[in-house]
Amino acid sequence: RQKLGMNKGEEGVFRHSGLLKEQLGDKAGALEDLTRALAQAVGIGASKTDKALVVRARSLAASIGLKPDASLQAFRLLWKARIAGDSHGETEALYLIGRLYDEAERPAEALQYYERSSASMLADKARIYEKIGKTNQAEQSYNEALESFKKLDYSRYLNLLRKLRVPKTLSLQ
């Protein structure tokens, strides 16, 4: 769905994916998917099901050892930044989530979010290299970011790949 750009109905897909991951014991993955479903449901409008998802997400966060309110806020920031295309905001949110897992003594999950944050910083760095005219460094940073995202966060990989394939518009200055 993501690769083909089929965004309609993603909220339901992430909701079901989160519930399945929870049943399979992947609580961290379930929390991420459920909060993503919640972020996409905001455009649809709040319902009783969405409120139940908030309760379930809080419960999952607490069972993992995360601070429920802080983790839901961090994931809200992550998905809001992703939807808006704010790579800087996404980098900060990923780092914040990593810190929350780190504080909860969940090193595997913390490392995953720190790595995703690092890959996001590579993309930000490449954008800056582009602005100052260092195209070789920009290309190298983009390639490193793409490789990292391909392994760590496929939807971010696809978003960055689409962005890089869009032809640059000429400025009329």
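Because the model is predicted, local features need pLDDT of at least 70 and side-chain atom pairs count only at pLDDT 80 or more, while totals for chains, interfaces and linings use all residues. Residues are numbered from 1 along each chain as its sequence is written, and side-chain values use heavy atoms, with hydrogens and water left out.

The protein has 8 helices and 0 strands (DSSP runs of H or I with at least four residues, or of E with at least two, numbered from the N terminus). Of its 173 residues, 40% count as buried (under 20% relative accessible area; exposed is over 50% and partly exposed in between, with a 1.4 Å probe and protein chains only).

Let's turn to helix H8. Its buried residues are Ser155, Arg156, Tyr157, Leu158, Leu160 and Leu161. Helices H2, H4, H5, H6 and H7 are among what covers them, where contact means heavy atoms within 4.5 Å.

Now for the rings. The whole structure holds 4 aromatic pairs (Phe, Tyr or six-membered Trp rings with centres within 6.5 Å; planes under 30 degrees apart are stacked, over 60 edge-to-face and the rest tilted).

Tyr95 sits in helix H5 and Tyr114 in helix H6, so their pair ties together parts 19 residues apart in sequence. Tyr95 is partly exposed at 43% relative accessible area, and Tyr114 is partly exposed at 25%. Tyr101 is buried at 0%, as is Tyr113 at 1%. Ring pairs also link Phe75, Tyr101 and Tyr113 into a cluster.
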